Amino acid sequence: MNDQLYMAPLLAFTDCTFREVYFRHFTGIDGALAPFIVVSENSRYRKKAVRNLLPILHDSIPIEPQVLSRDPYAFAALAVLLEDIGFSSVNINMGCPARAVVNKGRGSGLLPYPDIIREFLNISLPKIKIPVSVKLRTGLHSHDEIFPLIDVFNDFSLSQIIIHPRLGINKYEGPVNLDIMDDIVDRFKAPLVYNGDISRDSFDGLKTRFPSINRWMIGRELIKDPFLPGDIKSGVLSERTSVYGERKGKLRIFHDDLLKAFSQIIGNEVALVGKMKSYWNYLGSLFPDEKDELEKMKKILKLDDYRKCVDILLGNH
Ligand SMILES: Cc1cc2nc3c(=O)[nH]c(=O)nc-3n(C[C@H](O)[C@H](O)[C@H](O)COP(=O)(O)O)c2cc1C
C-alpha cells in the first residue's frame with residue numbers, strides 16, 4: 001500500500017516517551033505530528049516543551065513539531081528556532097477545541113476569521129524556510145466556515161493540510177461529517193491528510209469514499225488498537241483486534257517497555273500509575289470481557305497492585 005500513515009498528536013499521550021517506545025514495537029506509521037507547543041503573543045513558550053522534542057531528532061520516524069499560537073511573529077520565531085534545532089517541517093494548530101484555547105482566539109478559535117488567518121500566514125510564512133503544514137477542523141460553529149478558508153490556504157504554499165471534519169464546538173463528540181469532506185476534498189491546492197475516527201472498521205470505507213486522499217492521520221484508535229497501522233499497511237484489517245496468543249505477548253512487552261520508560265522520568269509512584277492508567281482508558285477497549293478488572297484498575301494507586309492487574313489482563317510472561 002502506497003498510502004502514508006501518520007500518528008496524530010494527542011497531548012499527554014503521544015509524547016516523545018510514548019512515541020519512541022511505540023515505534024520500537026509497532027509498524028505502519030510513516031511520520032508523527034507532535035502535540036502542540038503554545039507560544040504566546042510575547043513569544044513565551046515552555047522551554048521544556050521544546051526540550052521534549054529533542055530526543056526524536058535521532059528517531060527513524062520523521063516528527064513534525066506543532067505550534068499553537070495566534071501571533072504570526074511569535075509563531076515564526078519559534079518555527080525558526082525549531083528549524084535551527086534541526087526539524088525539517090512545522091505545523092500550525094487550527095483545530096484545538098478547548099474553551100480556554102478558543103477564547104484566546106487560538107486553535108479552532110481562528111477558524112471563523114479567514115482574514116486573520118490570511119494575515120497570520122502572510123506575515124509568518126516568508127520568515128520560515130522549512131515547509132509549513134496546517135491542522136484544522138472544518139469550522140468552529142459551522143461547517144460553512146471552511147469554504148472561505150480554502151481560498152485563503154490556496155493562496156499560500158503549504159506542505160499539507162490535515163483536516164478533521166468536526167466542529168470545534170463539538171469537541172470530540174458525535175460522528176465526523178463526511179458530507180462536508182465530499183464537498184471540499186478536491187478543492188485544496190496542498191495535499192490533504194484525512195483525520196478523524198479512522199479505525200479498523202472505517203478505514204476501507206474512507207479510502208473508497210475519498211479516492212484522491214492517500215495520507216491518513218490516526219489518533220485515539222492507535223492507542224486503543226496499537227496494531228492498527230501495521231494491519232492497514234499489510235491489508236489485514238478484517239483480522240479481529242481481540243487480544244489473543246501472539247498479540248497479547250507483543251502487547252505485554254510493549255506495555256512493560258512503556259512502564260519502564262515512564263518510570264525513568266516519573267519518580268512519584270501515584271503519578272506513574274496514573275500515567276499508565278490513562279493509556280488503559282483507551283487500551284481497555286481491546287478487552288471487552290475484562291470490564292471488572294478494568295474497573296478495578298481505575299482505583300489502583302500502588303505500582304504492585306497495578307502490575308498484578310496487568311498480569312491478569314495481559315498475562316504474566
Ligand atoms: C487527549 C487528546 C489530545 C489531543 N491533542 C492534540 C494536539 O496536541 N494537537 C492537535 O492538533 N490535536 C490534538 N488532538 C486531536 C487529535 O490529534 C485528532 O485530531 C482527533 O483526536 C481526531 O482524530 P482521531 O479520531 O483519530 O482520534 C487531541 C485529541 C485528544 C483526544
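Hi everyone, let's begin with a helix pair: H3 passes H5 in a right-handed crossing, meaning that the near helix is turned clockwise from the far one by less than a right angle. Helices here are DSSP runs (H or I, at least four residues), numbered from the N terminus. A word on the source: this is a predicted model, where local features need pLDDT of at least 70, side-chain atom pairs count only at pLDDT 80 or more, and totals for chains, interfaces and linings use all residues. Residues are numbered from 1 along each chain as its sequence is written.

Back to our pair. The contact involves Pro 72, Tyr 73, Phe 75 and Ala 76 on H3, with Glu 119, Phe 120, Ile 123 and Ser 124 on H5; contact means C-beta atoms, placed from the backbone, within 7 Å.

Now the core. Which residues touch the most other members of the largest nonpolar core? They are Tyr 6, Val 67 and Ile 218, out of 73 residues. Such a core is a set of buried Ala, Val, Leu, Ile, Met, Phe, Trp, Tyr and Cys residues joined through C-beta atoms within 7 Å, and buried means 20 or more other C-beta atoms within 10 Å of a residue's own. H3 (residues 72-85) gives the most to this core, 6 residues. Domain 1 (4-233) and domain 2 (245-314) both contribute residues, so the core lies between them; the bounds come from an automatic or database domain assignment.

Finally, the domains. Their centres, taken over C-alpha atoms, are separated by 29 Å. In contact are 11 residues of domain 1 and 14 residues of domain 2. Thanks, everyone!

Conventions:
Buried ≥ 20, exposed ≤ 12 C-beta atoms within 10 Å, placed from the backbone. Helix = DSSP H or I, 4+ residues; strand = E, 2+ residues; numbered from the N terminus. Contact = placed C-beta atoms within 7 Å.
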